[in-house]
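Please examine the sequence and the structure shown below.

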Amino acid sequence: GIQVYSLYGVRKAPTPGQLVGIDMLLYDIQDVGCRFYTFIWTLTYTIEVISKAGVELVIFDRPNPLGRKVEGCPLNFDTGLVGRLLPGQTFTIPQRYGLTIGEFIRYVAPYLPQVKTTVVTMKQVYDLHDNEWVLSSPNMPTLETVRVYPGMGLIEGSSLSEGRGTTKPFEITGGPKISPVKVLSYFKRNNVPIF
């Protein structure tokens, strides 16, 4: 009998009406450590709404499957659900930000409305590679997908397909105007390893 609300797509955060009778919001979602994965930004929009409703936030932290490495081009404009600049923020977030979700929210907290926040940290940071991956979305089914996502996710802004709807999202790409012969020829001419 519990009502479920989606925060994906048109709605970026719960509405004030959906928060009536709610004292505490629990966030227990696996992130993938990449700026354009929407979960971190949905959480920032949610913080803006729950701050007005007096709702407390508890984040159950999870490991960043991409580890601590920070790399990739920073975003210097607001794109909504795949990256945003918070009011007053003077720094940008790179593609791989090397933080857990709890660390990320603490990092951007000075640019968000104040909310009583508790981060339930992990007793130890463990390597996800030794544990079974539970897909965080239908398009993030494996750790291999997570590893290629920071690069392949950039294809979403082009006319190419990034493999969504296949058994290997973000692990394959293509398009009707691509010539495999020309691509392979380019790779060979430029000594790009083909595996």
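The report begins with the basis of the model and the overall fold, then turns to the sheet and the aromatic rings.

This is a predicted model, in which local features need pLDDT of at least 70 and side-chain atom pairs count only at pLDDT 80 or more, while totals for chains, interfaces and linings use all residues. Residues are numbered from 1 along each chain as its sequence is written, and side-chain values use heavy atoms, with hydrogens and water left out.

The chain contains 4 helices and 3 strands, in the order β-α-β-α-β-α-α from the N terminus. Helices (H or I, at least four residues) and strands (E, at least two) are DSSP runs, numbered from the N terminus. The C-alpha trace spans about 60 × 40 × 35 Å along its principal axes. Of the 195 residues, 41% count as buried, where buried means under 20% relative accessible area, with a 1.4 Å probe and protein chains only.

**The sheet**

The strands form an open sheet with the order S1-S2-S3 and parallel pairing; two strands pair if DSSP finds at least two bridges between them. Strand S1 (24-27) and strand S3 (117-120) are the edge strands, each pairing on one side only. From one strand to the next, the twist averages 15 degrees. Strand S2 (residues 56-60) is joined to S3 by 4 bridges in the parallel sense, and Phe-60 stands opposite Val-120 in S3. Helix H2 (residues 101-108) packs on the sheet and touches S1, S2 and S3, its direction making about 140 degrees with that of S2. Contact here means heavy atoms within 4.5 Å; axes are lines fitted to C-alpha atoms, for helices over the stretch in contact, and angles run from 0 to 180 degrees between N-to-C directions.

**Aromatic rings**

The whole structure holds 9 aromatic pairs. Rings of Phe, Tyr and Trp (its six-membered ring) pair if their centres lie within 6.5 Å; planes under 30 degrees apart count as stacked, over 60 as edge-to-face and the rest as tilted. Two of the pairs are listed here.

| Pair | Centre distance | Plane angle | Class |
|---|---|---|---|
| Tyr-37 and Phe-39 | 4.6 Å | 55 degrees | tilted |
| Tyr-97 and Phe-104 | 5.1 Å | 45 degrees | tilted |

Both Tyr-37 and Phe-39 are buried. Tyr-97 is buried at a relative accessible area of 5%, and Phe-104 is buried at 0%. One aromatic cluster is formed by Phe-36, Tyr-37, Phe-39, Tyr-149 and Phe-170.

Note on methods. Buried < 20%, exposed > 50% of the residue type's maximum accessible area, 1.4 Å probe, protein only.
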